[in-house]
Amino acid sequence: MAEKSEAHGTISALSTSSISVAGLTCAIPADKSADVNAKFKTGDAAEIRCSLVSGTNTLTSISGKNHH
């Protein structure tokens, strides 16, 4: 069974490779990086879902209210 985690809150950190929400930091897959960074920014409210992939907590989905 895959380990999954989720967090809902404010994006406290966002880069091309990772995102942090409410104390949960997840790696952003390369194929999602541009999309996530285009739609969200630090300070936005978001809900992230992550799964453990090869030992790395990896973003599987993100949703939230954005400013665009």
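Modeller: What follows starts at the disulfide, moves to the core and the strands, and ends with the charged pairs. Keep in mind that this is a predicted model.

Start with the bond itself. The count of disulfides comes to one. C26 and C50 are the partners, with an S to S distance of 2.0 Å. That sits inside the 2.5 Å cut-off for a pair of cysteine sulfur atoms. The torsion about the S-S bond is about 105°, so the disulfide is right-handed. C26 belongs to strand 3, residues 24–27, and C50 belongs to strand 4, residues 45–53. The two cysteines are 24 residues apart in sequence, so the bond ties together separate parts of the chain.

Are the two cysteines buried or exposed? C26 has a relative accessible area of 1%, so C26 is buried. C50 also comes out at 1% and is buried. The cut-off for buried is under 20%.

Now the surroundings of C26. Set aside the neighbours within four places in sequence. C26 is then in contact with S17, S18, I19, I48, C50, N57, T58 and L59. Three of those names, I19, I48 and L59, return in the core. The largest nonpolar core has 13 residues, and I19, C26, I48 and L59 touch the most other members. Strand 1 (4–14), strand 2 (18–21), strand 3 and strand 4 each give two or more residues to this core. Strand 4 gives the most, with three residues.

Next, how the strands are laid out. Strand 1 and strand 2 run antiparallel and are joined by three bridges. A hairpin of three residues connects strand 1 to strand 2. Across this pairing, A13 stands opposite S20. L14 stands opposite I19, and I19 is one of the core residues that touch the most other members.

Strand 2 then pairs with strand 3, again in the antiparallel sense, over four bridges. Here S18 has A27 as its bridge partner.

Seven bridges join strand 1 to strand 4, and the two run antiparallel.

E6 pairs with R49, with the closest N and O atoms 2.5 Å apart. E6 is in strand 1 and R49 is in strand 4, 43 residues apart, so this pair links distant parts of the chain. E47 forms a salt bridge with R49 as well, at 3.3 Å between the closest N and O atoms. Through shared partners, E6, E47 and R49 form one network.

How accessible are E6 and R49? E6 is at 49% relative accessibility and counts as partly exposed. R49 is at 37% and also counts as partly exposed. C50, by contrast, is buried.

The remaining salt bridge joins D35 to K39, at 3.4 Å from N to O. Both are in helix 1 (residues 30–39), four residues apart, which means about one helical turn between them. D35 is partly exposed at 42%, and K39 is partly exposed at 38%.

Note on methods:
Residues numbered from 1 in each chain as written. Predicted model: local features only at pLDDT ≥ 70, side-chain atom pairs only at ≥ 80, totals over all residues. Heavy atoms only, no water. Buried < 20%, exposed > 50% of the residue type's maximum accessible area, 1.4 Å probe, protein only. Core = buried A, V, L, I, M, F, W, Y, C linked by side-chain atoms within 4.5 Å. Contact = heavy atoms within 4.5 Å. Pairing = 2+ DSSP bridges. Salt bridge = Lys/Arg side-chain N within 4 Å of Asp/Glu carboxyl O.
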